[in-house]
Amino acid sequence: MSALKDAGHLFRFAGLFVIAFVVFLVVRSYVVPKTFGQYGHYRAAAIGEIADHPMKFAGHETCEACHTDIADTKTKGAHAHVNCEACHGALAAHANDPTSVTPVKPDTAVLCARCHTASAAKPKGFPQVDPADHSSGAPCQTCHNPHSPGIGADTGASAAKGGAQ
Amino acid sequence: MNISRRHLLVLLPAAAVAWKHVLAGTPQDSPNYQMSEHWWGMLIDIPKCIGCGNCVRACQTENDVPDGFFRTWVERYHRSDIHLENPEVISPDGGKEGFPPVPEGAEGDYFFVPKMCNHCSDSPCTQVCPVGATFISPDGVVLIDQKYCLGCAYCVQACPYGCRYIHPTKKVADKCTLCYHRITKGLTTACCEACPTGARQLADLKNPNDPIHAFLKTHSVQVLKPQMATGAKAFYNGLDGSVR
């Protein structure tokens, strides 16, 4: 024991060290979020928080659940693969509350031209027109049904090619 | 307490179900979604892109992206016959409202390239974060924990594709989440939903029935900046060599 007689200051120091370590563990358990490290060096709960972000686009399946007639028209035409909200805009609010939130009909002069105005940068097979020249100012829907844009018997893929120029 | 045999038979399975929940830990928000069953990416089909800007507008609407910042944007390349290696690139307001007309009789090729977060599987941006605020989720999406982010912008500098920005009011890093709130509920991303030509398609690389697998086999598909070995998962079909 005599060897330890003059080592009291070392034990006091070791005691301080142990207390500091315990304090560190206690503080750490409060400061580090519960889910930190569950999957990696990040807070796993953040994944759920990001997944909770509200949706603005309802998705075409939601639209088609009610608007079956338009869905039927669309499947036969060149716009079969154009989703509803590509033209009508984000409408999750309408899907959640169909009576009080009613969508505004898009202006075809702006809407159709956005995709179909001729440009050398667009893919060659894509139907493109010079809007002023093509209809002499008449609105697109005078001749075309936007949900199935082919004219007369000319529908589907043939319309996609025939519609050019 | 007196439990009849009938009651015990009802209670046992109920207890088993309850115990299963205890073992499973915190239930996820989307009950049918298992992160381990997915590995998300994106297919971008350049020959289909018409530069309408629908994806840019849809993304800004869906994710409340502030004006002047972009989680996705569309570039128009002009590769002239004399400067094959140095194309002229424009992206006015991210291509949100379309592009100016191509000059009459211009030589060379014009084409559109949609850009977005590549959701790299070896992402440089997540590696530099000093606080663990950005990470690759178990289903392969690069996300930001905005409650943890300090806004130091290391990640903004680290991204070789320029896909991150500091949110002007939140003052934290912000980027494409691959519409994580949508894909975990079985929907596609807002940009894919709004794309009229199918130039963008969400791809689940862990789903054997996803059309991406057949597409990758039959097309010449590349990623951006492959020399950086980022493990990018935005697959570009028909990518011109001049695209950076």
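These legends describe close-up views of a predicted model.

**View 1. Chain B as a whole.** Chain B holds seven helices and eleven strands. Its C-alpha trace spans about 90 × 40 × 30 Å along the principal axes. Of the 244 residues in chain B, 40% are buried. Take the contacts in chain B between residues at least 6 apart in sequence: 63% of them join residues at least 24 apart.

View 2. Strand 1 of chain B covers residues 40–45. Six of its six residues are buried, so the strand is largely enclosed by the rest of the structure. Burial here means 20 or more other C-beta atoms within 10 Å of a residue's own.

**View 3. The two faces of strand 1 of chain B.** In a regular strand, side chains alternate between the two faces of the sheet. Trp40(B), Met42(B) and Ile44(B) point one way from strand 1 of chain B. Gly41(B), Leu43(B) and Asp45(B) point the other way. Which of these residues are buried? All are, on either side of the strand.

**View 4. Strand 1 of chain B beside strand 9 of chain B.** Strand 9 of chain B spans residues 200–204. Strand 1 and strand 9 of chain B run antiparallel, joined by five bridges. One pairing to look for is Trp40(B) with Asp204(B), its bridge partner in strand 9 of chain B.

**View 5. Strand 1 of chain B beside strand 11 of chain B.** Here the partner is strand 11 of chain B, residues 234–237. The two strands run parallel, with four bridges between them. Ile44(B) has Tyr236(B) as its bridge partner in strand 11 of chain B.

**View 6. The contact between chain B and chain A.** Chain B gives 40 residues to the contact and chain A gives 30. On the chain B side, the elements that give two or more residues are helix 2 (54–63), strand 4 (109–116), helix 5 (180–183) and helix 6 (190–194). Which element supplies the largest share of that side? Helix 2 of chain B does, with four residues. By residue class, the side of chain B that touches chain A divides into 21 nonpolar, twelve polar and seven charged.

**View 7. The two domains of chain A.** Chain A is divided into domain 1, residues 10–51, and domain 2, residues 60–162. Taken over C-alpha atoms, the centres of domain 1 and domain 2 of chain A are separated by 56 Å.

Methods
Residues numbered from 1 in each chain as written. Chains lettered and ligands numbered in written order. Predicted model: local features only at pLDDT ≥ 70, side-chain atom pairs only at ≥ 80, totals over all residues. Buried ≥ 20, exposed ≤ 12 C-beta atoms within 10 Å, placed from the backbone. Contact = placed C-beta atoms within 7 Å. Domains from an automatic or database assignment. Pairing = 2+ DSSP bridges. Nonpolar A, V, L, I, M, F, W, Y, C, P; charged D, E, K, R; others polar.
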